[in-house]
Amino acid sequence: MDFRFTGEEEAFREEVRAFLARELTEEVLVGEGIAPSTPAKRAFQKKLAANGWLAISWPEEWGGQEGEGVYEYLLNEALARRGGPQIGKGVGIIGKTVLAHGSDKLKREFLPKILRNEVEFAVGYSEPDAGSDAASMKLRATRDGDGWRLNGQKTWTTSAHFAEWYWVGARTDPNVPKHRGITLFLVPLDQPGITINPIWTMGDERTNDVFFDEVWVSDDYVVGEVNRGFQYISEALDLERFTMFTFSPIEQRMDVLREYVATETRDDQPLADDPVVRHDVARLATDCEVARVLGLRFVAKSMKGGAPPTTEASEYKLFATELSKRLANASMDIGGPGSQLRVKTEDAPMAGRAESTYRYTVIDTIGGGASEIQKNIIARRKLGLPKNF
């Protein structure tokens, strides 16, 4: 496999870099990652749409470019490197699933809004007793006329406090095996009976509990077939495991650690001369290259068509997020006691970034399916091992 980009791909990457240098202002970046969508962020993404970049791989019929997935990869990595709003959830997770399985009504209603960046989504799979094992969800949907009545609870829904629509799985048939009785719905978050309560994480981000009390949803907002929702959720999770956990921030943190080791001293001796430190940094640098290549392999497999490649998504997500955590741990160790100072503390090693990423990277190993789930997927689907080996 040739991991080099073509001349056209390199030209696109340079075009994106120039665009971001011009358009990605501080106003767009304020609160990125923890704040609700702002007018500046939406205006920025509308400029992405105007360039034809929001749905590069979508069919032309629905406003896309029918381009190759590598261009979406290059765009998303460039946005992540600059800390900008990414394209993953609406365009990738919801948009691509609606394209593949949604009714014509859902396509007509949501796809143009996604392309114009006029709608925000929250994703609801996890529950108090169904985290990475999404098939164990218990949020109940019972038939009520030409729709469904939803009752129960979701948790860890990051965008629920500012999104307009909820992409949510619910159990519509409790009498069949758990993977077969789930249906996927789109629910307006201002619907009567929905209550949203905040949860603040140790990574300084807000997520939410979402409660359903007799919430009614029309049949028109069922995604795909009733009781086949887990299949669609699994496909969407494969996209999430790749698009929502980009490599560029890991590479940036590696650069910060490398620069620190190259310029700092300890006991009047260059830190770079310490053999243990050199060993750790070399191992992390090697692992960063492995993560980068695993991401490119996912892109290459995705470009062959069909559903997203499941095991490749799990391999990338598992390796990249665990690497991110190891990198944060090493940064804390190498930086010494001062690394415990909060981010943006001027006299802290690496300006306190080690402390911030140490807290945040734990979350990444859980979102989109915990590392244990990724290992089980790889073991069963790629290695052919039994479920309870």
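Visitor: Which residue in β3 stands opposite Ala141?

Guide: This is a predicted model, in which local features need pLDDT of at least 70 and side-chain atom pairs count only at pLDDT 80 or more, whereas totals for chains, interfaces and linings use all residues. Residues are numbered from 1 along each chain as its sequence is written, and side-chain values use heavy atoms, with hydrogens and water left out. Strands β2 (residues 140-144) and β3 (residues 147-154) run antiparallel and are joined by five bridges (two strands pair if DSSP finds at least two bridges between them; strands, E, are DSSP runs of at least two residues and helices, H or I, of at least four, numbered from the N terminus). Across from Ala141, the residue in β3 is Leu150.

Visitor: Which residue takes a positive phi in the hairpin of β2 and β3?

Guide: The hairpin has two residues between its strands. A positive phi near 65° is taken there by Gly145.

Visitor: Which residue in β7 is the bridge partner of Gly152?

Guide: Strand β3 is also joined to β7 (residues 206-218) by seven bridges, and these two strands run antiparallel. Within β7, the bridge partner of Gly152 is Phe212.

Visitor: How many residues apart in sequence are the parts that Glu214 and Arg149 tie together?

Guide: The side chains of Glu214 and Arg149 meet in a salt bridge at 3.9 Å, N to O (a side-chain nitrogen of Lys or Arg within 4 Å of a carboxyl oxygen of Asp or Glu). Glu214, at 44% relative accessibility, is partly exposed, as is Arg149 at 23% (buried means under 20% relative accessible area, exposed over 50%, partly exposed in between, with a 1.4 Å probe and protein chains only). Because Glu214 lies in β7 and Arg149 in β3, the parts that this pair ties together are apart in sequence by 65 residues.

Visitor: How far apart are the closest N and O atoms of Lys105 and Glu109?

Guide: Lys105 and Glu109 are four residues apart in helix α6 (residues 104-115), so about one helical turn separates them. Lys105 counts as partly exposed, at 29% relative accessibility. In their salt bridge, the distance between the closest N and O atoms is 3.4 Å.

Visitor: What is the relative accessibility of Glu289?

Guide: Glu289 and Arg292 lie three residues apart in helix α9, about one turn of the helix, and their side chains meet in a salt bridge (2.7 Å, N to O). Arg292 counts as partly exposed at 23% relative accessibility. Glu289 counts as partly exposed too, and its relative accessibility is 38%.
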